[in-house]
Structure formats: C-alpha cells, structure tokens
Amino acid sequence: MYGGNLDGNACGMDGTADEFENWMYAAIGSTNFDDGYGCGKCYKITCIGPYGDNPSCECSGSITVQAIDQCPECDDNHFDLNSDALAYLTGGDASMAGTCGVVEIEYERVDCSAITTNFKVTNKGGTSQFWYGFHLDDVNDDGGIKSVSLLKDGSEIATCTKDNGPSFWICNGGSQLSASYPLDIKITSDEGKSVTASDCITSFSGGEEMRCNTNLGGGSTTSDTDDSEEEDTSDDTDEDSDTSSDGTIKIKE
C-alpha cells in the first residue's frame, strides 16, 4: 500500500496541516500536480464501489484530503491515498482496504477550509539572501498557490516560482534581497485570490520557520469591481462542478 511520504514528499511540505492529522492526504499526478503548483490543494474523495469485478470489496462515504505528494503515473482521475485514508473509506478496516486495492470514486476539488492556522514559511536548507528558497505550508481556502512575491516597504523586490523543482519556491530578487528585515510576502492562488502577510520574512537562515500573520482565507479575489468579484466566484463554482469526476484510487503494492 501507499504508506505515505510525510517528510520527503515531492511537494517539500512539512507533512499535512495539523487539521489533516498527517493521515488524510494523497499523492496526485498530471495537471492536478502541475509541476508542484498543485501542492496543498484539497479534494473530496467519495467511494462509489469496487473497481472492476471485485465483489469482496466494500467501501462507502467520503473523505477530504490534502495533496502533499506526487504520483508520477497518475492521471487526473487517479489519486493515491495514504493507506489510513483509504481504510477510512472501507469502514476503518485496513484489511478491506487491501482487498479492494483499487476503488471507483467521484472527486471534486474543495476549499481547504479545515485549516484554521496562518500559513507558514520554512527556509530551504542552504539558502541565503543571495539564493533564497523556501517551503510553503498550511495555506487554507484555495490551497494551491500559483505565484509568490516579496515586498519591502510596499514595493515588490522579488518574485518566486517553482522553476527549480516542485518542492520549493525560489526567488529572483538578487541583490535586492539584501534589504533589511522584515519583508512582506504575497501569495496568490490559482483561482486569483491573494493575501499579503506583513513582516513575515525575518530571516534567510536555512531551516528557519516563520509563521505569518494571516492566511488566504482572509485575502481578496483579484478583480476590478465588486460585480467582477461576484462573477469570478460563480465561475469558480462551475469549475469545481466540472472537475468533479469519476476516477480510481489505487493502493500501491
């Protein structure tokens, strides 16, 4: 079975957010993973029965999981659940999870509303103001972050991407990152929602953890008018409905 990968996962995340208790999580692939930009998203997985001819398999119910790892062989309709999460869908019976092996599911992306803490920045090992990389954890609401920027006194001094790999953000500010602490950090989701955490970056030392003073759930959707914002919210709902799909969960042997 997929025993999970809390500390060495492809997303570089520090396990799950506390609210997912380090067992309600999944590995995702293809465009869901999106070169690491899909890390942190949340999905509601509903079991609708055994996959194929497997009358001994029994599963039911739903579970919301956080995506913290990559499944290279998975398409968008295929999720690798942590074994405990799969067992939850088989009535808490780990042996039944093994009997099922693969199950038919319906899934939809949902808000990571269970997360109630502020998001966290953890500096990548070996980083400095001359080569600054970090990990991002505990983002709520949309969960998946598409862009990050660093600001000093309200002015952007660096943009950060996952160009160097899916597990961490790397910033391109160069010499501008020698600016004195603290720095603000702005995160923007793939759905266009953004928030700026003031004075969050207080160190460039490798391994330093910094808990920011806000989270995406307290941010705003990028739009020109209130009417546009309402329209964006409606579109997001439609997208979630469109992405709800049949699929499978496979347990790795």
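Modeller: One definition to start: buried means under 20% relative accessible area, exposed means over 50%, and partly exposed is in between, with a 1.4 Å probe and protein chains only. By that rule Lys41 is buried, because its relative accessible area is 8%.

Biologist: Great. What should I know about the model itself?
Modeller: This is a predicted model, so local features need pLDDT of at least 70 and side-chain atom pairs count only at pLDDT 80 or more, while totals for chains, interfaces and linings use all residues. Residues are numbered from 1 along each chain as its sequence is written, and side-chain values use heavy atoms, with hydrogens and water left out.

Biologist: How many helices and strands does the protein chain have?
Modeller: The protein chain has four helices and 15 strands. Helices (H or I, at least four residues) and strands (E, at least two) are DSSP runs, numbered from the N terminus.

Biologist: And how much of the chain is buried?
Modeller: Of its 253 residues, 48% count as buried. The chain also reaches across itself: take contacts (heavy atoms within 4.5 Å) between residues at least 6 apart in sequence, and 70% of them join residues at least 24 apart.

Biologist: Back to Lys41. What does it form a salt bridge with?
Modeller: Its partner is Asp190, with the closest N and O atoms 3.4 Å apart. A salt bridge here is a side-chain nitrogen of Lys or Arg within 4 Å of a carboxyl oxygen of Asp or Glu. This pair links distant parts of the chain, 149 residues apart: Asp190 sits in the loop between strand S11 (183-189) and strand S12 (193-201), and Lys41 in the loop between helix H1 (30-33) and S2.

Biologist: Is Asp190 buried or partly exposed?
Modeller: Asp190 counts as partly exposed, because its relative accessibility is 31%. Asp190 also forms a salt bridge with Arg109, where the closest N and O atoms are 2.6 Å apart. Arg109 is in strand S5, so this pair ties together parts that are 81 residues apart in sequence. Arg109 itself is buried, with a relative accessible area of 12%.

Biologist: How many salt bridges are there in the whole structure?
Modeller: Eight. Another one is between the side chains of Glu209 and Lys120, at 3.8 Å from N to O. Glu209 lies in strand S13 (residues 209-211) and Lys120 in strand S6 (residues 120-123), so here the parts tied together are 89 residues apart in sequence. Glu209 is partly exposed at 46% relative accessible area, whereas Lys120 is buried at 7%. As for a network, salt bridges with shared partners join Lys41, Arg109, Asp190 and Glu191 into one.

Biologist: Switching topic: which residues have the most contacts inside the largest nonpolar core?
Modeller: Those are Tyr43, Ile45, Ile63, Val65, Phe79, Leu81 and Val103, in a core of 35 residues. Such a core is a set of buried Ala, Val, Leu, Ile, Met, Phe, Trp, Tyr and Cys residues joined through side-chain atoms within 4.5 Å. Elements giving two or more residues to this core include strand S2 (42-50), strand S3 (62-70), helix H3 (94-100) and strand S5 (102-110). There is also a second, separate core of 27 residues, which includes Tyr132, Trp169, Val195 and Ala197.

Biologist: What about Gln66, where does it lie?
Modeller: Gln66 lies in strand S3 and counts as buried, because its relative accessibility is 1%. Leaving aside neighbours within four places in sequence, Gln66 is in contact with residues including Met13, Phe20, Tyr25, Lys41 and Ile115.

Biologist: How much space lies in the largest cavity?
Modeller: About 150 Å³, and the structure holds one cavity of 30 Å³ or more. On a 1 Å grid over the protein atoms alone, a cavity is a set of points where a 1.4 Å probe fits but cannot get out, and lining residues have an atom within 4 Å of a point. Points are joined across faces, edges and corners, and the volume is the space filled by probe spheres set on them.

Biologist: And which residues are closest to its centre?
Modeller: Of the 21 lining residues, Met13, Cys39, Leu136, Lys162 and Trp169 are the closest to the centre of the largest cavity. Strand S7 (residues 133-137) gives the largest share of that lining, four residues.

Methods:
1 Å grid on protein atoms, 1.4 Å probe; cavity = no way out; pocket = protein on both sides within 12 Å on 5 of 7 lines; lining within 4 Å.
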